[in-house]
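Trainee: I would like to learn how to read a model like this one. Where do we start?

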Amino acid sequence: MLRYVASKFFYMLVSLFILISATFFLMKAIPGDPFMGEKKPSPEILARLMEQYDLDKPVFQQYTKYLGNIVQGDFGLSMKKQGQSVTDIIIDTFGPSLRLGLVAIVVSVIVGVLLGMLAALYHRKLIDNIAMIISVLGIAVPSFVLASLLQFVLAEKAGIFNVMGFEGPLDYVLPVMALSAQPIAFIARLTRSSMLEVLHSDYIKTAKAKGLNWFAIMFRHVIRNGILPVVTYVGPMTANIITGSVVIEQIFGIGGIGKQFVESITNRDYTVIMGITIFYGILLMLARFITDIVYVFVDPRIKLTGGKEG
């Protein structure tokens with residue numbers, strides 16, 4: 001087990017190094033600098049700013065120094081917000097994004113699994129058809145389109161929710177609906193197909209022939225095996241929800257890290273862009289890392305060295 005965990009952790013570090021390097025050099029390849037704008041500073045002030053943020057040095061020298069600072073946990077200072085460190089900006093803005101993301105993940109898993117289970121149990125009946133129509137719509141409609149639609153119908157016209165803001169519990173409803181629609185659709189389809197396969201397997205027929213009651217069959221065999229694909233999907237789903245929140249936060253005016261990320265890209269705030277990208281990368285890799293570990297416990301057939309037993 002320790003070897004398996006160490007192997008996954010090593011590949012996570014390699015992926016993080018590639019992410020940091022690729023983002024750094026791609027950002028440097030974009031023409032211009034953070035101090036371009038309508039009010040361009042004087043040449044003397046510009047020279048001092050370039051020196052302060054090491055932008056006057058060769059790119060590779062900037063890269064090695066940046067890597068050294070990251071190892072020490074220093075993401076640098078914002079180039080646009082005077083005196084604010086990137087770490088403080090991430091800490092200040094991550095709270096709303098974390099709350100929104102966690103609620104969306106919980107809602108996605110619960111609603112998606114229930115929808116998939118109902119579709120499988122009532123296969124080729126009205127409930128199955130309704131569940132599949134909902135899942136098709138959830139996959140087909142982009143989250144930003146759904147967010148705008150919900151905002152217009154339920155907030156502007158019906159007046160049930162606030163159009164923007166993130167103050168009370170009701171303000172979670174529309175952003176969570178927009179963020180979780182696609183994950184719910186995928187989870188419902190995964191659960192339905194997996195449960196149908198399990199329900200028609202030989203060991204379920206054997207369990208029924210032995211007189212095992214319906215609840216025991218469902219909870220011991222069908223649900224446990226039926227949700228395995230969902231466990232695998234949790235990692236990518238977390239990635240979808242985290243990256244999707246960048247747009248959703250902007251639409252609903254939520255002062256989270258996604259909105260901050262969009263603003264830093266617009267302002268070419270290099271240090272904030274790098275810091276948030278690395279932070280996102282670590283979150284996504286940790287989600288995948290935890291998923292891989294959990295999957296081993298959920299499915300004992302998986303060898304700890306990788307792959308399944310033949």
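Mentor: Start with how elements are assigned: helices and strands are DSSP runs, at least four residues of H or I for a helix and at least two of E for a strand, numbered from the N terminus. With that, the elements of this protein read α-α-α-α-α-α-α-α-α-α-α-α from the N terminus on. The model is predicted.

Trainee: How many helices and strands does the protein have, and what does the C-alpha trace span along its principal axes?

Mentor: There are 12 helices and 0 strands. The C-alpha trace spans about 85 × 55 × 30 Å along the principal axes. Of the 310 residues, 41% are buried. Among contacts with a separation of 6 or more, 72% are between residues 24 or more positions apart.

Trainee: How do I read the length of a helix, α4 for instance?

Mentor: Compare its span with the one expected at 1.5 Å a residue. Helix α4 has 36 residues and reaches 50 Å from its first C-alpha to its last, close to the expected 52 Å.

Trainee: Where in α4 does a kink lie?

Mentor: At Phe 94, shortly before the proline Pro 96, with an angle of about 40 degrees.

Trainee: How should I read the packing of two helices, such as α8 and α9?

Mentor: Look at the approach of the axes and the crossing angle. The axes of α8 (residues 202–209) and α9 (residues 214–226) come within 11 Å and cross at roughly 175 degrees. Because angles over 145 degrees count as roughly antiparallel, α8 is roughly antiparallel to α9.

Trainee: Which residues of α8 and α9 meet?

Mentor: From α8, Tyr 203, Ile 204, Ala 207 and Lys 208; from α9, Ile 217, His 221, Val 222 and Asn 225. By class, this contact has 5 nonpolar, 2 polar and 1 charged residues. As for the spacing, an α-helix has 3.6 residues a turn, so residues three or four places apart point the same way.

Trainee: What does a positive phi tell me?

Mentor: Most residues other than glycine have a negative phi. Arg 124 has a positive phi of about 65 degrees although it is not a glycine, and Arg 268 has one of about 55 degrees.

Trainee: Where do Arg 124 and Arg 268 lie?

Mentor: Arg 124 is in the loop between α4 (86–121) and α5 (126–140). Arg 268 is in the loop between α11 (257–266) and α12 (270–298). Arg 124 counts as exposed because its relative accessibility is 71%. Arg 268, at 28%, counts as partly exposed.

Trainee: Is Arg 192 buried or exposed?

Mentor: The cut-off for buried is under 20% relative accessible area. Arg 192 has 18%, so it is buried. This arginine is found in helix α7 (residues 173–199). Leaving aside residues up to four places away in sequence, Arg 192 touches Gly 116, Ala 119, Ala 120, His 123, Asp 128 and Met 132.

Trainee: And a loop residue, Leu 55: where does it lie, and which residues does it touch?

Mentor: Leu 55 is in the loop between α2 (43–52) and α3 (59–71). At 14% relative accessibility, Leu 55 counts as buried. Not counting residues up to four places away in sequence, Leu 55 touches Lys 28, Pro 34, Phe 35, Met 50, Gln 62, Met 79 and Tyr 270. Leu 55 and Lys 28 are 27 residues apart in sequence, and their C-alpha atoms are 9.8 Å apart in space.

How values were computed: Residues are numbered from 1 along each chain as its sequence is written. This is a predicted model: local features need pLDDT of at least 70, side-chain atom pairs count only at pLDDT 80 or more; totals for chains, interfaces and linings use all residues. Side-chain values use heavy atoms; hydrogens and water are left out. Axes are lines fitted to C-alpha atoms, for helices over the stretch in contact, and angles run from 0 to 180 degrees between N-to-C directions. Angles under 35 degrees count as roughly parallel, over 145 as roughly antiparallel, 65 to 115 as roughly perpendicular and the rest as oblique. Contact means heavy atoms within 4.5 Å. Ala, Val, Leu, Ile, Met, Phe, Trp, Tyr, Cys and Pro count as nonpolar, Asp, Glu, Lys and Arg as charged, and the others, Gly among them, as polar. Buried means under 20% relative accessible area, exposed over 50%, partly exposed in between (1.4 Å probe, protein chains only). The expected span of a helix is 1.5 Å times one less than its number of residues. The bend at a residue is the angle between axes fitted to the seven residues ending there and the seven starting there.
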